[in-house]
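Colleague: Hi! Could you walk me through this one while I have it open?
Modeller: Happy to, here it is.

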Amino acid sequence: MSFINTSNLRGDVMGGLTAGIVALPLALAFGEASGAGPIAGLYGAIIVGFFAALFGGTGSQISGPTGPMVVVFAGVFATLSGNPALVFAAVVLAGLLQILFGVLKFGQFIRLVPYPVVSGFMSGIGVIIIALQMSRLFGHEPEGSGTIPALSAIPGAVMDPNIIALGIGLMTLAVVFFWPKKLGKFLPAPLAALIVATLVSVAIAGAPVLGDVPTGLPSFITPAFEGDSFLVVLEAAFLLALLGAIDSLLTSLVADNMTRTRHDSNKELIGQGVGNTVAGLFGGVPGAGATMRTVVNIRSGGQFKISGMVHGLVLLAVALVLAPVASLIPHAALAGILVKVGYDIIDWSYLKRAHKGPRWDLALMAVVLGLTVFVDLITAVGVGVVLAALAFIKQLSAEQLKNFTVSSREIANPLERELLARGGDKVTLFDFGGPLSFGAAADLGHHVRERADGQTKVLILDFSRVPFLDLSAAKAVETIAEDALHAGKSLYLAGVNDKVKDVLSGLQVTSSVPEDHWFDNRRNALEKALEDIGVSADVDAAKLPMEARIAPAE
């Protein structure tokens, strides 16, 4: 298979052309919102879009500046006082980290972030985007940087609106929310809103506009790292890399569902990394896989790399020829477009159904959303993943501990059931129903001590359904073995596979269990236990159901 697939050339060209038209107003809006200027957003869409498509692992994906990336980038731009050498050093480093993620094959792990966490921080980003644009809708610039200053500035902007700017902003919102779908096939809603708003702004002066927008090719920027700002750059780079990776791979999953294909996660990370590295060197806003633009591309016929590359070339033509026209675009129009973007990022589909699902997932989503809006994204994602992991371990350990003790009535095999029944209170069997992890280990020894009373002479631990166990669980087994030894009880281990046996033997946690107390299956262990307590293990097979007479020992 060739590196560039030309079997769908017409569809890819049409898809890329349409995606480029849709991306134009968004690129300008994201660039303006980032603080680097609209042309930086356009450069980011051109460079990331072209190189991520060329080297990526999702054929139909369209990449460029996205809401999550711009929120983080705007924060670092403000923190570093707009110093290009430092700001874009973070972008270059983020791209290199993404390439490293791909080379180390981290793609499969990044996709394991739980859905409530993804939903929470994406919805939080949507809220942030809306908050940052509200003052601009009323003709004012938000004071300072960050969500809280932006929210604080809203009441003042509402009380002292620029009527023309507000009118243009409301008109833009009306177009992007209510533009007919039939017309959207020929003229996308964001582009229609941008054209109408700009024409109105030219006809009725008074609303703040973008002003002078550079034209031509971008200049090369040499990244710099300064001692006192290095940690800020490093933190921003890591967050941009992680956020861009998650954003891109989620969009790749959407593309897979639409095209019935399967993307290469690690190759996609490398492509995104190359795109962001080059964008940082030429002053472009960092980007990621963009869901809406990818969907537009696929619906317009795009399937392979050429579509994303054409999208970048279309935007390059605009940057070289039409950039001066962009100087007439009013801020309120771009604010209205971004409010719609923020609205679309919020996970309304989950919020509408959340009350019918697990309450813990809803609480986790709300915590991550709140941390995203009022603290920062790293804290939000980190806390969310940790809480989700702890909740899962707790639930898993509860299931593992549920059915440890097995009575004779709970054994399916009639022969084994008869053997255990003969042992009475002197033989206690513990059947572990799955993997043993540190979550279950904390209570494992306690449960065995509690259920194996003083009358028990033989303990049988059945590992036949345990594919693996970790160090914590192995130490819990050691505690059980020591307790049995001190209490004068015999301990038998049954059905231990090689993987589990290597862990137990390697850590010497079962050194007190003699070799003749290890059995291939619990039937043999039960027969030996009956022998130890002086009870006959001979069972009249004729009195058992047919399956017990022909079934192999479990």
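Modeller: One term before we start: a polar contact is a pair of N or O atoms within 3.5 Å; within protein, one must be able to donate a hydrogen and the other to accept it, and residues adjacent in sequence count only if both atoms are side-chain atoms. This is a predicted model, where local features need pLDDT of at least 70 and side-chain atom pairs count only at pLDDT 80 or more, while totals for chains, interfaces and linings use all residues. Residues are numbered from 1 along each chain as its sequence is written, and side-chain values use heavy atoms, with hydrogens and water left out.

Colleague: Thanks! Which backbone oxygen lies 3.0 Å from a polar atom of the Lys 489 side chain?
Modeller: That is the backbone oxygen of Thr 456.

Colleague: And where does Lys 489 lie?
Modeller: In the loop between α22 (471–487) and β6 (490–494). Helices (H or I, at least four residues) and strands (E, at least two) are DSSP runs, numbered from the N terminus.

Colleague: Is Lys 489 buried or exposed?
Modeller: Lys 489 is buried, with a relative accessible area of 17%. Buried means under 20% relative accessible area, exposed over 50%, and partly exposed in between (1.4 Å probe, protein chains only).

Colleague: What is Lys 489 in contact with, leaving aside its neighbours within four places in sequence?
Modeller: Ala 452, Asp 453, Gly 454, Thr 456, Lys 457, Leu 459 and Ala 484. Contact here means heavy atoms within 4.5 Å.

Colleague: Let's look at the strands. How is β6 paired with β5?
Modeller: β5 and β6 pair in the parallel sense over five bridges; two strands pair if DSSP finds at least two bridges between them. Val 458 has Ser 490 in β6 as its bridge partner. As for cover, four of the five residues of β6 are buried.

Colleague: What about β4, why is it largely enclosed by the rest of the structure?
Modeller: Because five of the five residues of β4 (residues 427–431) are buried.

Colleague: Which strand does β4 pair with?
Modeller: β4 pairs with β5 (residues 458–462), in the parallel sense and over five bridges. Within that pairing, Phe 430 has Leu 461 of β5 as its bridge partner.

Colleague: Switching to rings: how many aromatic pairs does the structure hold?
Modeller: Twelve. In one of them, the rings of Phe 51 and Phe 55 have centres 6.5 Å apart and planes at 5 degrees, so the pair is stacked. For reference, rings of Phe, Tyr and Trp (its six-membered ring) pair if their centres lie within 6.5 Å; planes under 30 degrees apart count as stacked, over 60 as edge-to-face and the rest as tilted.

Colleague: Where do Phe 51 and Phe 55 lie?
Modeller: Both are in helix α2 (residues 38–55), four residues apart, which is about one turn of the helix. An α-helix has 3.6 residues a turn, so residues three or four places apart point the same way. Phe 51 is partly exposed at 25% relative accessibility, and Phe 55 is partly exposed at 34%.

Colleague: What about Phe 177 and Phe 178?
Modeller: They form a tilted aromatic pair, 6.4 Å centre to centre with 45 degrees between the planes. Phe 177 is partly exposed at 33%, and Phe 178 is exposed at 69%.

Colleague: Which charged end sits over the ring of Phe 177?
Modeller: The one of Lys 340, 5.4 Å from the ring centre. A charge sits over a ring if NZ of Lys or CZ of Arg is within 6 Å of the ring centre and within 35 degrees of the ring normal.

Colleague: Now helix α7, where does it bend?
Modeller: Helix α7 (residues 147–159) bends by about 30 degrees at Ala 153, and Pro 155 follows within four residues. The bend at a residue is the angle between axes fitted to the seven residues ending there and the seven starting there. The buried residues of α7 are Thr 147, Ala 150, Ala 153, Ile 154 and Ala 157, and their cover includes α6 (115–137) and α18 (359–374).

Colleague: Last one: what is phi at Ser 81?
Modeller: Positive, about 55 degrees, although Ser 81 is not a glycine. Most residues other than glycine have a negative phi. Ser 81 is in the loop between α3 (67–79) and α4 (84–103), and is exposed at 68% relative accessibility.
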